[in-house]
Amino acid sequence: MRGYFVAIPTYWTYPGGKGREEAVFDHPTPLDAPGTLRRTLQSLTSLAAAGAEVGVVAAATAPALEAAVENRVREVIESPLLPFPVRLFAASHLSILQDFCRTQGRAEWLPLLSLAGYAQIRNLTLILANICNAPALISLDDDEVIADPDFLTKVDEDLEVLQREHPVFGLAGIYRDQDGCVLLPEPAAPWAAYWPKMRWMNAALTELAQVGPRLKPTYLGFGGNLALPAALCRHLPFDPAITRGEDTDYILNARLFGIPFFLDHTLSIIHLPPDKPHPTWMRLRQDLVRFCYTRLKLRQQTPGPGRTQVTAGDFQPYPGNFLGDDLPQRAFQSHTLLALDYLARGDAEAARQTLANLALMDRLEQSGTGVFEAYARTVSLWQALQQWLATPEVAAGARQALWGAA
């Protein structure tokens, strides 16, 4: 099985990283910086030579930057020319795709087409793989390198084994750092003792990626190393309501709808992320929002065709340990210590923002009604959209509209 669609989301911001961002991404590339995308693309030469098609989805942190981002990413792709073609999808392509659906009388699906956040961008990669008639999407990120010459062979082998028993499933690989390590550094600050995200993630990685058979069921995966067969791309979207952690949430969503995910601990990429520019209190805010949201989704599950009842315990230690009843207490303890640390360093505004996270969590808990059913409705819309786009004449029309060629 070859002919995969390899998709790379890339995120860009103001020159020098200075400007009002309307979308928060972990480490967007400033427009005046070289960035990491070219390095990732160069590492895909062997995959492209083996028949994989490559696409880049470019997103900006503010609408005012969209044209500049599209031009900058096109420059990265084309100067100098790579030894393989790349399908670029940016803001202008989004407008084309929206117009294509609108003129076909499919306006009800337009809310599913967006570059506004991580989940929405991942969903566009699922759509591009579908209209390019790929047997599977290989999902990467723009701060990675594929150095394993057997990467595609491993994907082939895993998909062949799994599709014998599972009509719909997903496959995840692992990240390694430049030294080949799978585990992540754990912060030593006092607040982190009550918010041990990295420790729990490392415990999960140790269980999943360092012991046992090569291929096993998983409750954890990373969006920069997924292989999603066409059946899954057409069946299940990333949840547009999740602000970050869309990859972990996607595996949880798959379980909610009875779809298994598997991890191959030999299927690895090299992850070389730049430093994250946002302060600790903002990163914790993003964590709180996502965990509160996912916890509500679990609590609001309702039975239905093709649905499976799951609990936070099915995803322990990570992210399940952040989805239980003790989340508010953990948040209070960790944020109080972090605020005190900021005050000790004379940063009263950061302390205020830290404590504001707790008020935000309370509002989220009180207002988050209908979360699960809203996602279930999105799934139904998504399946109709993807089924329509998979029709050969529709897919060909979409490719022609987007890139001027089938």
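Visitor: At what angle do the axes of helix H10 and helix H13 cross?
Guide: In this predicted model, the axes of H10 (residues 280–299) and H13 (residues 371–390) cross at roughly 85 degrees and come within 7 Å. That makes H10 roughly perpendicular to H13.

Visitor: Which residues meet there?
Guide: From H10 there are Tyr293, Leu296 and Lys297, and they meet Val371, Phe372 and Tyr375 of H13. The residues of this contact divide into 5 nonpolar, no polar and 1 charged.

Visitor: Let's switch to H4. How far apart are its end C-alpha atoms?
Guide: They are 18 Å apart. H4 (residues 91–103) has 13 residues, which should span 18 Å at 1.5 Å a residue, so the two values agree.

Visitor: Which residues of H4 are buried?
Guide: Ala91, His93, Leu94, Leu97, Gln98, Phe100 and Cys101 are buried.

Visitor: And what covers them?
Guide: The cover includes helix H3 (66–78), strand E4 (86–89), helix H5 (118–131), H13 and helix H14 (392–403).

Visitor: What comes just after H4?
Guide: Gly105 is there, with a positive phi of about 75 degrees.

Visitor: How many disulfides does the structure hold?
Guide: It holds 0 disulfides.

Definitions and conventions
Residues numbered from 1 in each chain as written. Predicted model: local features only at pLDDT ≥ 70, side-chain atom pairs only at ≥ 80, totals over all residues. Heavy atoms only, no water. Axes fitted to C-alpha atoms, helices over the stretch in contact; angles between N-to-C directions. Helix = DSSP H or I, 4+ residues; strand = E, 2+ residues; numbered from the N terminus. Parallel < 35°, antiparallel > 145°, perpendicular 65-115°, else oblique. Contact = heavy atoms within 4.5 Å. Nonpolar A, V, L, I, M, F, W, Y, C, P; charged D, E, K, R; others polar. Expected span 1.5 Å × (residues − 1). Buried < 20%, exposed > 50% of the residue type's maximum accessible area, 1.4 Å probe, protein only. Disulfide = S-S within 2.5 Å.
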